[in-house]
Amino acid sequence: MKNLYIFIAVLFIPWSFSLAKYDEFEDGDDIMEYDDNDFAEFEDVSEDTVTESPQKIITTEDDEEEATVELEGQDENQEDFDDADTQEGDTESEPYDDEEFEGYEEKPDASHSKNKDPITIVNVPAHLQNSWESYYMEILMVTGLLAYIMNYIIGKNKNNRLAHAWFNTHRELLESNFALVGDDGTNKEATSTGKLNQENEHIYNLWCSGRVCCEGMLIQLKFLKRQDLLNVLARMMRPASDQVQIKVTMNDEDMDTYVFAVGTRKALVRLQKEMQDLSEFCSDKPKSGAKYGLPDSLAILSEMGEVTEGMMDAKMIHFLTHYADKIDSVQFSDQFSGPKLMQEEGQLTKLPETKKTLLFTFNVPGSGNTSPKDMESLLPLMSMVIYSIDKAKKFRLNREGKQKADKNRARVEENFLKLTHVQRQEAAQSRREEKKRAEKERIMNEEDPEKQRRLEEAALRREQKKLEKKQMKMKQIKVKAM
Amino acid sequence: LREPPFPPGRYKPPATETNPALEDPTPDYMNLLGMVFSMCGLMLKLKWCAWIAVYCSFISFANSRSSEDTKQMMSSFMLSISAVVMSYLQNPQPMSPPW
């Protein structure tokens, strides 16, 4: 009796293992079926749950694997543990096929003929197979990440090399024109660092100062994002180039009042929409510069004809014609305040601050595939910038031009005030109400009844005075109208 | 051209710092996206979410400005790595392709 119990217990353990493993495939009838037929569970599997189960090995194709089926059919309960063995055992058991499985062959044959279904699918969970191939998605992912990291390092280094190549080419010219070349704002004293200031992996800044006429010049080397693989792929669809942006801030007394821009038509159309000053002062569409001998690719936006006449002197035309392919836009403006700010309605109460600025945007040749040597070709453009600074200082509008310019600026200011009139009124109104409320609160908070009464009387008197003033004003207006 | 006693003006950071609308929003978006995907990967036990989160945090790092906090980058990166690791610990099976 005891022995029987022990035997049952021993059978029970592997049986429960197999149950746990093949939980998904169990129906209610499983227990009965299991008694009758060792391969009942595989029956269910092949019919119903082909899609659900983890990766299965269809083992009827190779001779080798047929042997595995027969082996595993026998050892279904110990599959997990014998997996490795059976795989290895394959090659070993092949020569012994006939001999070793003589006794066994009947059973699987019998069961096979019973099942009619020749395909027995073995459910080996994928992660228990000792093959890296099943993890191919993960390997793909990791490879992708490695590729990204490689691209990051390569791109970063390329941008770095380009920036330093640019700086080495231009250093001499800059140092001869500016007292302070390179400043990152951290030192207490204004000493030249003589180095580019790296803001990003693709943006480098250089601040130069210490020259007559201008407050300072900020050069931004805006390279393409070579360190970001996504960007590199996007650029394969849509080519773009590195840009050098130079912003010269002029002293107030060194530049007259005008707004003028020249550049590629596309760039000017975009700037006219985006820039606050160009949209307000240059209302016409960009005009062709053919009249002055400029190539067709360039167009001009100007506040008035006189400015264009004054700006387009021989040397400037020479610069613009020779380097037209590298020029994206050139903007001279005394009302420069940057792009239009998208402000909420309630906030627009003051005109944005303006500074007299010369803004140059140049495209680096090569449209993405630049090499450090290309930086040398930008040197003449820097000379153009220096020339423009001196020119802007020298150029003065005549009397007519000045009048027109002043009128324009007054008009713009008036428009702005009209637009914000309502908002300013509301703001003033709310301020008055706040004051009243504060007064009332003070009166309420006063504990001393005497003081309270006095304060109330004072407030009343003030209000009466205000009303009288208003009435006086109305009377005056009426008299004037009459 | 250049007068030595002329006092040079100091460096002022470009307008992007005063006008947030001009700044490139990519690193911030990618950071946020990375965190969202890591949370999805952790909660819903989706492996591909976790992997995308790792990619997002890498992209965010590549596009970041030098003035940006490294702690933020590191935290998003760690979160995405932990999402991947947790997904595999809970379910060691390889990822199945969507097709």
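Pockets are located on a 1 Å grid over the protein atoms alone: a pocket is an open set of points with protein on both sides within 12 Å along at least five of seven lines, and its lining residues have an atom within 4 Å of a point. Grid points are joined across faces, edges and corners, and a volume is the space filled by probe spheres set on the points. The model is predicted, so local features need pLDDT of at least 70 and side-chain atom pairs count only at pLDDT 80 or more, whereas totals for chains, interfaces and linings use all residues. Residues are numbered from 1 along each chain as its sequence is written, chains are lettered from A and ligands numbered from 1 in the order in which they are written, and side-chain values use heavy atoms, with hydrogens and water left out.

**Stop 1: the second largest pocket**

Begin with the second largest pocket, which holds about 750 Å³ of space. Select Arg432(A), Lys436(A), Arg462(A), Glu463(A) and Lys466(A), the closest to its centre of the 19 lining residues. Helices and strands here are DSSP runs (H or I, at least four residues, for helices; E, at least two, for strands), numbered from the N terminus. Colour helix H15 (399-445) and helix H16 (449-481) of chain A, each of which supplies at least two residues of this lining. H16(A) gives the largest share, ten residues.

What is the division of the lining into nonpolar, polar and charged residues? There are four nonpolar, one polar and 14 charged residues. In this count Ala, Val, Leu, Ile, Met, Phe, Trp, Tyr, Cys and Pro are nonpolar, Asp, Glu, Lys and Arg are charged, and the others, Gly among them, are polar.

**Stop 2: helix H8 of chain A**

Next select Val142(A), Leu146(A), Ile149(A) and Ile153(A), a nonpolar surface patch with about 310 Å² of accessible area together. Patch members have over 30% relative accessible area and no salt bridge; nonpolar side chains (Val, Leu, Ile, Met, Phe, Trp, Tyr) are joined within 5 Å, and like charges within 9 Å. The areas come from the Shrake-Rupley method with a 1.4 Å probe, and for residues only the protein chains shown count as cover. Val142(A) is found in helix H8 (residues 136-177) of chain A and is partly exposed at 38% relative accessible area. The classes are buried (under 20%), exposed (over 50%) and partly exposed in between, with a 1.4 Å probe and protein chains only.

In H8 of chain A, also select Arg171(A) and Glu175(A), which lie four residues apart, about one turn of the helix. Their side chains meet in a salt bridge (3.9 Å, N to O), the term for a side-chain nitrogen of Lys or Arg within 4 Å of a carboxyl oxygen of Asp or Glu. Arg171(A) is partly exposed at 30%, as Glu175(A) is at 37%.

**Stop 3: further salt bridges**

The whole structure contains 20 salt bridges over all chains. Select Lys225(A) and Asp24(B), whose side chains meet at 2.5 Å, N to O. This pair crosses between chains, from the loop between strand E6 (214-222) and helix H9 (229-237) of chain A to the segment before helix H1 (26-44) of chain B. Lys225(A) is buried at 12%, whereas Asp24(B) is partly exposed at 29%.

Then display Lys393(A) and Asp254(A), a salt bridge at 3.5 Å, N to O. Lys393(A) lies in helix H14 (residues 379-394) and Asp254(A) in the loop between strand E7 (243-250) and strand E8 (259-264) of chain A, so the pair ties together parts 139 residues apart in sequence. Lys393(A) is partly exposed at 34%, and Asp254(A) is buried at 8%. Also select Asp256(A), Lys402(A) and Asp406(A), which a network of salt bridges links.

**Stop 4: a backbone angle in chain A**

Centre on Cys213(A), in the loop between strand E5 (203-209) and E6 of chain A. Its phi is near 75 degrees, a positive value in a residue other than glycine. Is Cys213(A) buried or exposed? Cys213(A) is buried, with a relative accessible area of 4%.

**Stop 5: chain B**

Of its 99 residues, 35% count as buried. Select Lys45(B), in the loop between H1 and helix H2 (47-63) of chain B; the phi of Lys45(B) is near 55 degrees, again positive in a residue other than glycine. Lys45(B) is exposed at 54%.

Arg65(B) lies in the loop between H2 and helix H3 (70-90) of chain B and is buried at 15%. Draw a C-alpha to C-alpha distance from Arg65(B) to Glu23(B): the two are 42 residues apart in sequence and 9.8 Å apart in space.

Technical notes:
On a 1 Å grid over the protein atoms alone, a cavity is a set of points where a 1.4 Å probe fits but cannot get out, and a pocket is an open set with protein on both sides within 12 Å along at least five of seven lines; lining residues have an atom within 4 Å of a point.
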